Amino acid sequence: MTKEFVFMFDHQESAGKEMLGGKGANLAEMTRIGLPVPYGFTITTSACNAYYDAGQKISPEVEKEVTDSLKILEQTTGKRLGDPSNPLLVSVRSGAVHSMPGMMDTVLNLGMNDETVKGIAELTDNPRFAYDSYRRFIQMFGDVVLGVDSSLYEKRLETFRDEHGYKSDVELAAEDWKDIIETYKNITQEEAGRTFPQDPKEQLFLTINAVFDSWNNKRAVLYRQLHDIPGHLGTAVNVQSMVFGNMGDHSGTGVAFTRNPSTGESELYGEYLINAQGEDVVAGIRTPQPIADLEKEMPDVYKQLVETSQLLEKHYGDMQDIEFTVEHGNLFMLQTRNGKRTAQAAVRIAVDMVKEGILSEREALLRVDPDQIDQLLHNHIDPEHKRKQLATGLPASPGAATGQVVFDADEAEVLTNEGKEVILVRPETTPEDIHGIVASKATVTTRGGMTSHAAVVARGMGKACICGCEAMKIDLEAEYFTVGDTVVNKGDVITIDGASGEIFLGEIPMIAPELSDVFQLLLTWADEASTLDVRTNADTPEDVRKALEFGAAGIGLCRTEHMFMDPERIPAVQKMILADTDEAREKALDRLLPMQQQDFERMFETMQGRPINIRLLDPPLHEFLPNKEDLLVDVTKLQLTDPDSEELKEKENLLRNVRLLEESNPMLGLRGCRLGMIHPEIYEMQLTAIFQAMSGVLRKGIDVNPEIMIPLVSTVDELKEMRQLAINVAGRVEEKSGQTFTYLVGTMIETPRAALTADRVAEEADFFSFGTNDLTQMTFGFSRDDAEGKFLQHYVEDGVLPKNPFMTLDQEGVGKLVENGVSLGRATKPGLKTGICGEHGGEKASIQFCFDTGLDYVSCSPFRVPAARLAAAHATIRGEKEEAKELQLN
């Protein structure tokens, strides 16, 4: 019979990562290449999906395959599950397709009961180890499978230690653990309403159920949302024979990275604990030792670990995150996966692996996620600022943050939603705290190391984190911590430096980051690989300079209305809007003309010949006027206090004009090209400023490449009239200056009608720029602010929409309009330049869509340019791979 649901680690035909999950696929791969992997089998993601399809029940087919595979495991190891004389113990771990560290459940030491614990004590001649392992199993099983609060077990253990004068668990003897086990059973009976199961097969299937269930627990669902992991994939389950790191001083457990996950430095990096099980390291229960110390304590094991890590890194072509156990001096590999790393480390590792001949430049580019790049562009602590250190811990995730101290994950989320910046301080974090880590600016723990839960999660999110700060003593009930004589209460402000591990009282100034030479080199490779240009949305020379520093190829959107918003210009703009005669409006425009011209001169000089797409005035005119309600209050007050004043007459006149300009739906009213059609003198002033600025800059020997964009076009006749206006103004300035200008006139495609009639619109257009923000609003019939504030998040959480369409382009709907606009436009003009200038231009999935659709460029805000450059390279490389596959198939 063909196996569908369960595969042994040494099965000859690989079922692949989609079936076995990342952990299961890597365990099988390590087994095949001869590494010391404890034997076992993987229950596939198909079995998980079948479990949910059957109403969260294991099907008879899956149960039979698990039972058959268990027999093979027993035959191979020579041990039998539940056999008191030679018991098999197994671990049961989740293993999703995409790494989700700590989000789902694990149970160790499964197979222990009142009889097998005696057999293990006799076989190992180590009763203390046997009963310690049994109490661990009861606690883990009770927590994961039966839903008993794990802290109840911990509190009982703490009480026992205090009563007997013990400082740590390693001091407890076998008889002590026997007493603890009985109390643990009582807790389980009281809290779960049933006795702790003694049948190992019942234990096994209940645990498999629990691991499948954990695929949809709160923290796993949130993690998938944060990392864009599809919910339909399911998790695999790995059942693996146990090896024990808690069998004395020649045993231990640890986590190692083949390179430093914070800096990218090429060194074995990690931590281990002597006489411990794996959960002790990742849970942060004990503060571990640096992996380098293992060389002194177990030199042969350390040497084998280094050689194995190097082999795995070359085999997978990526930095590996390894879990290992040492049992009586023998090394066992429990897991390998591509390691989570900071953005800084990701860039350095990718570049170093090219230099070392492990990767090609294009392979290296794919090792860095564009979403990580944002981490490199944030502030860090000003080194010149004098500061007094409060405490230090382990630098678990770089970056700096300032915030109010909170001690509870739920409260961190609430305060952040209220607009406050907080730092979560805990003894240690668990996967249940993930929402608090997400909400906080940074996380600090007093226990745990640099591979603990808090560290791994924070690094993946690009958030600062300090772990193992043992000088801090936390009182969770009273909500304060102390460092020596210093007391820090909830709500007090601290600053942390995740790169150094330092904690400071109060707020400390931050400075802007600088892009490293290694990062610049990676982005140079990205530009060489990419066929999609990345421009920026910028409205001031300062924005332009920052974008050019980040590698922008040009400006894809210069919003001229932002130039009007200057407080010094608002009075002139308001006079222009409120003018009741053509003469008065012309006078106001004459005042604005030199201001606009100076703006464009500065932009052209900064751009040095790069393309600059200038959008003529777009928003409704009421946005430049005082708020109607505020005016009404002022008028009412003056009517009561000073009814004969000139100020009252001015305010009443202003209120009258504001009411005249008022529209029921201003975003769909008199704005964009409609404003130019009704008041062409406004666009004429802007065009004159553009061409006069162009004339002056050209005389300085600086090249200028303007692209004049007419906004909100719905019909070809609107564009035709506005295009002719631009040509006429350019002609007048050319005649006066004796110069000839080169420029483009095009439109922003942001209405569905423009996209649907793009073949006609293209008759009058030199380019199309898709304004996907407005196009999304009009296609969905959503007001962005109202939708995001009232129902859009609910839609995403309930699966009505896969993503927020204002963050990731809706390819199914809005995307079809973009595709239609491109194909129709180029049917009329084959060389038509196309791009997008909504913020989708900085989001990686949307950039992939733009590449697939054949756009020439994307445009985004300055700080998103580096990530967009990398995403554009990814899109090009994937496109080449797909093309190569198609050629092979044909």
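Pro-127, Arg-128, Tyr-131, Asp-132, Tyr-134, Arg-135, Ile-138 and Gln-139 of helix α5 are in contact (heavy atoms within 4.5 Å) with Ala-174, Trp-177, Lys-178, Ile-180, Ile-181, Tyr-184, Lys-185 and Thr-188 of helix α7. The residues of this contact comprise nine nonpolar, two polar and five charged; Ala, Val, Leu, Ile, Met, Phe, Trp, Tyr, Cys and Pro count as nonpolar, Asp, Glu, Lys and Arg as charged, and the others, Gly among them, as polar.

The model is predicted: local features need pLDDT of at least 70, side-chain atom pairs count only at pLDDT 80 or more, and totals for chains, interfaces and linings use all residues. Residues are numbered from 1 along each chain as its sequence is written, and side-chain values use heavy atoms, with hydrogens and water left out.

A cavity is a set of points on a 1 Å grid over the protein atoms alone where a 1.4 Å probe fits but cannot get out. The largest cavity holds about 120 Å³ of space. Its lining (residues with an atom within 4 Å of a point) has 15 residues, and Arg-93, Met-242, Val-243, Thr-325 and Leu-334 lie nearest the centre. Strands β3 (90-96) and β5 (235-241) each supply at least two residues of this lining. By class, the lining of the largest cavity has six nonpolar residues, eight polar and one charged.

Methods
Helices (H or I, at least four residues) and strands (E, at least two) are DSSP runs, numbered from the N terminus. On a 1 Å grid over the protein atoms alone, a cavity is a set of points where a 1.4 Å probe fits but cannot get out, and a pocket is an open set with protein on both sides within 12 Å along at least five of seven lines; lining residues have an atom within 4 Å of a point. Grid points are joined across faces, edges and corners, and a volume is the space filled by probe spheres set on the points.
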